[in-house]
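Subject: Structure handover, cavities and sheet

Hello,

Below is the structure, followed by notes on what was found in it. Please go through them when you have time.

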Amino acid sequence: MTDLAGADDAGERVRRLPSGVPPPGWEVLATMFAGSGWSEEGKRCGIWALGVLREELGDDWVDTCWQTGSLPAELALAAGHLHSFALLVDLAAELHLLRARPGMASVRRKFQTNPVPHELAAARCSLRIAAVGLRAGLVPTMEPAARGRSPADVSLEGPDGELRVEAKTLLRAELTRDVDAWLDVLTTPLMESVRIHRVRINGEANEPLDEASTVTLIADLTAACGAVAAGVSVPAVRAGRNRFEVVPAGSDQPATNIAMPAVNLWRRTAARITEAVGQTRRSGATWLLVESLDNLWQLTPWSTQTLASRAIALREEALRLVEDVQHLHGVVFTDGAALIDLHSPDERTNPVAGVFGIRQRIDRPRTRETIVIALRDDTAVADLREWQRVLEAEAGWAQWALDRVGLPSPPELRPLH
């Protein structure tokens, strides 16, 4: 099973409650966890994790997040959503295990001063690289800066040299997020009519509507559900740039099937890579890591192909963009383990020289897929060997990290096999 809703938990905003509602405090969040449906080990782990965040990020961090207009998933959803629970454990264990590493003071300040979704996603990504590198036996440094240069995001030093990494995290386009949130408002009141009348609502959502227009559209679609159930053929319902059709469900399950706005995801990724090249020149980073939390891995034409085919396709695109950038050793693409994925099998591939692809389970709810593309023949062998060590060290990371702090890994996060 793959849960696309999990993409929001990996870095997008959780909307604030209505004006006038105070933010929950640390004690409230801990009480929510204590009363959650998680196992006793899970509750203990979650309460410990909240305590670490409070200690590392401060008593007022919840209020600071609230003032930005959102709470991160680690705070808002972890008491009831498995993916968010995993994120909470990750973040707390990473902050705890890396707390004395060089550069961590700067990382903590980023969390404390500007906890908006894109900044949090970027900080999570950098911490993850460092924490997994630590388990792999490498020496992590956060925001390393050479003399006269701006800092890179992470450095991992090992026996075969250094991976100096500039990491970029891509969230979904603002239009996609806005339409997705609007569709929740639109479809929730319609589900009872869809179920009772055994119909399907198909369509395309291209823009969110205001409250009055949404109420009118809900009424129109509810009426269309009743008419179709009575055997009446109903024309498409249009509202703004949105179009919906109500049809009998037949042998299918009653449901809504509404397409999101078309977005050229690779064009957005390519633009971000081009922008990041300048940052790698200033920081001296030799590797660029691109974490895609924007559904690139799920909604592009090559998303249904084999891991090897995806690796070759990404290699071709990367070479077009950065082959002539002499200081770069390579580019890493990852799906960010953004979705709940309970069943995808582990796989490794080396389809061509200088390319390594890996999909592996990192805990019970999540699988990460990553493709490493070396650009320089003289560094490819050593660098790919180091990247493979780092990536393979992520499997079971939460269990390893919790063991280091004297906590049992909760069954919710232990892989089924």
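**Cavities**

The second largest cavity has a volume of about 140 Å³. A cavity here is a set of points, on a 1 Å grid over the protein atoms alone, where a 1.4 Å probe fits but cannot get out; lining residues have an atom within 4 Å of a point. Grid points are joined across faces, edges and corners, and the volume is the space filled by probe spheres set on the points. This cavity is lined by 14 residues, with Arg128, Ile129, Leu289, Arg368 and Leu391 closest to its centre.

Please note that this is a predicted model: local features need pLDDT of at least 70, side-chain atom pairs count only at pLDDT 80 or more, and totals for chains, interfaces and linings use all residues. Residues are numbered from 1 along each chain as its sequence is written, and side-chain values use heavy atoms, with hydrogens and water left out.

At least two lining residues of the second largest cavity come from each of H8, S11, strand S12 (330–334), strand S16 (367–374) and helix H15 (377–392). Helices (H or I, at least four residues) and strands (E, at least two) are DSSP runs, numbered from the N terminus. H8 gives the largest share, four residues. By class, this lining has eight nonpolar, two polar and four charged residues; Ala, Val, Leu, Ile, Met, Phe, Trp, Tyr, Cys and Pro count as nonpolar, Asp, Glu, Lys and Arg as charged, and the others, Gly among them, as polar.

The whole structure holds four cavities of 30 Å³ or more.

**Sheet**

Eight strands form an open sheet with mixed pairing, in the order S4-S5-S6-S11-S12-S16-S15-S14. Two strands pair if DSSP finds at least two bridges between them. S12 and S16 are antiparallel, with five bridges.

Helix H14 (residues 307–322) packs on the sheet and touches S12, S14, strand S15 (355–361) and S16, where contact means heavy atoms within 4.5 Å.

Regards

Note on methods:
1 Å grid on protein atoms, 1.4 Å probe; cavity = no way out; pocket = protein on both sides within 12 Å on 5 of 7 lines; lining within 4 Å. Axes fitted to C-alpha atoms, helices over the stretch in contact; angles between N-to-C directions.
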